[in-house]
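Please open the model in a viewer and keep the selection tool at hand.

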Amino acid sequence: MARSAFSAALEALERTAEAPEGYCRPFLDVLPVSGASVSTIGDLLGSETLAASDAQAARLDELQFDLGEGPCWDALRSGTHVLAPVLQEPGRARWPAFAAAVRDEPVSSMFAFPLIVGPLRIGAIDLYSESPGTLDGRHARQADAMAAVVSRHVLRRALNAVGRHDEDAGSGYSRRLIHQATGFVLAQLDLTAEDARLVIQGHAFAAERPMMAVAQDIIDGTIVFSRRSDGIEATG
Amino acid sequence: MSELEQRPTVGGLTRERRLMETFASLADTLVDDYDVVDLLQMLVDTCAELFDSTAAAILLADEHGELDVVASTSEASRLVELMQLSADAGPCIEAYQTGRMVSVADIRDAPEQWRRFRESALAAGFAAVDAIPMRLRTTVIGTLNLLRASPGALDPHDEVAARAFADVATIGILHERSLRESAVLAEQLQGALNSRVVIEQAKGVVAHTRGVSIDAAFQLLRDYARTNRMGISRVAAQIVNRSLDLDA
């Protein structure tokens, strides 16, 4: 796929922040897959399919939720993408119940990409292909980049939905603290300021604490975000 | 006895000269491509020095009319928080809302509805305050605040100069071309406030990477900007987008 198609897809994704139904299409435009679904998984935002390009994609999501196993769970746990070019053979050993459940369905390959913002693992994107095939390194990197955009949209929407947006920031002085803490986090995780702020917001939400209190802890060094080989984690 | 003590007017003349120099350098600044936050920082520093003030701060209103500290003689939370209290219920918000200068010659006499400001100010060692609106025709965009350690009114000559500083700061924020269009006006005001956001973020980056306090980080930013003849907002923006590393 030409680089311009990928750029166009990425831009389209950036624009569809508020419309989950637009999250799947760009993946289909760029990658050799038949369908896609986007879902939140886990304790933070609950398990829910936000968007699916077709009924098959939605069903694959649902099965994985019900069975508690499958590529999306592994992607979320490992924090990296999971490629299963042949779902039935090696896949059966890895996900026996899931592979058995889809044995008679037109699904040859599955690829899952985690939805991650900083230390927060919030969901996954599942891609499936009717015909056997895989994603090469470039495709996987492109999907990672698109998943990163979707991750931010999903977290931001979820925080807005529960009323945890920037009003939380309070007075001018506490806003200042949050900006300073944003600087700490962007340096710790090598993120943009916007993403670093979202990390603080998401962390505050997960910890059920005011953003200002989390910001103060970041400045004091009691909360430190660090990049590790197995992903990003927060200590403190 | 030194000559200076015998003839206090000499001190006064020196001060007039300092005022003139300040206005001259302001005029220089305004015709050039300048950094608004640097300009405002210079103004609060000069105010504190010339008007016998312990501290000075400029607050600007955002699009919702909420006032934020954009420049202050100290970045210490003590002053920034006090200014924010003044912007919630105190001289600052009154000057902003009425468009008139609000002077409190003795903070102990401040009204009850300003209790939180009054108590914090006294605890911080301030005895008198003046809040001067920054106004462009009918629009007030923020306030210039002067704080003194001993009670008493601002010297009338100082008041004239301080008002002129507030006007210059206003012009500095809203360049001439914005006078006609209120949308552009809001944008430029927001630009100054956004610069402040980026400076706070850059303070965080430097505090983390250098392992220094937030205040020390601000000083490092200022020193770097000065040494390299760059505006502090530009230095901050480059640090935040990671294209500049003070350690490098």
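Buried area is the accessible area, taken with a 1.4 Å probe, that two parts lose on being put together, summed over both. Please bear in mind throughout that this is a predicted model.

**First stop: where the chains meet**

Colour chain A and chain B separately. Between chain B and chain A, about 1700 Å² is buried, and carbon and sulfur atoms give 60% of that area. On the chain B side, select Glu200(B), Gln201(B) and His208(B): these residues lose the most area to chain A, together 29% of what that side buries. The whole contact draws 21 residues from chain B and 17 residues from chain A.

Side chains of opposite charge can pair when their charged atoms come close. Between chain B and chain A the count is four salt bridges. To view a salt bridge between side chains, select Asp68(B) and Arg175(A), which meet at 3.1 Å, N to O.

**Second stop: helices H8 and H9 of chain A**

Next, select residues 172-189 of chain A, which form helix H8, together with H9(A). How do these two helices pack? Their axes are 8 Å apart and the angle is about 105°, which makes H8(A) roughly perpendicular to H9(A).

Now display the side chains where they touch. From H8(A), the residues include Ile178(A), Thr182(A), Val185(A) and Leu189(A); from H9(A), Ala193(A), Arg197(A) and Ile200(A) are among them. By class, this contact of H8(A) with H9(A) has nine nonpolar, two polar and one charged residues.

The crossing of H7(A) past H9(A) is left-handed.

On H7(A), select Arg152(A), Leu155(A), Arg156(A) and Leu159(A). Their partners on H9(A) are Glu194(A), Asp195(A), Leu198(A), Gln201(A), Gly202(A) and Phe205(A). The contact of H7(A) with H9(A) has four nonpolar, two polar and four charged residues.

**Last stop: Arg152 of chain A**

Over all chains, the structure holds 23 salt bridges. One of them joins Arg152(A) to Glu14(A), with the closest N and O atoms 3.8 Å apart. Arg152(A) belongs to helix H7 of chain A and Glu14(A) to helix H1 (residues 3-15) of chain A, so this pair ties together parts that are 138 residues apart in sequence.

Conventions: Residues are numbered from 1 along each chain as its sequence is written. Chains are lettered from A and ligands numbered from 1 in the order in which they are written. This is a predicted model: local features need pLDDT of at least 70, side-chain atom pairs count only at pLDDT 80 or more; totals for chains, interfaces and linings use all residues. Side-chain values use heavy atoms; hydrogens and water are left out. A crossing is left-handed if the near helix is turned anticlockwise from the far one by less than a right angle, and right-handed if clockwise. Helices (H or I, at least four residues) and strands (E, at least two) are DSSP runs, numbered from the N terminus. Contact means heavy atoms within 4.5 Å. Ala, Val, Leu, Ile, Met, Phe, Trp, Tyr, Cys and Pro count as nonpolar, Asp, Glu, Lys and Arg as charged, and the others, Gly among them, as polar. Axes are lines fitted to C-alpha atoms, for helices over the stretch in contact, and angles run from 0 to 180 degrees between N-to-C directions. Angles under 35 degrees count as roughly parallel, over 145 as roughly antiparallel, 65 to 115 as roughly perpendicular and the rest as oblique.
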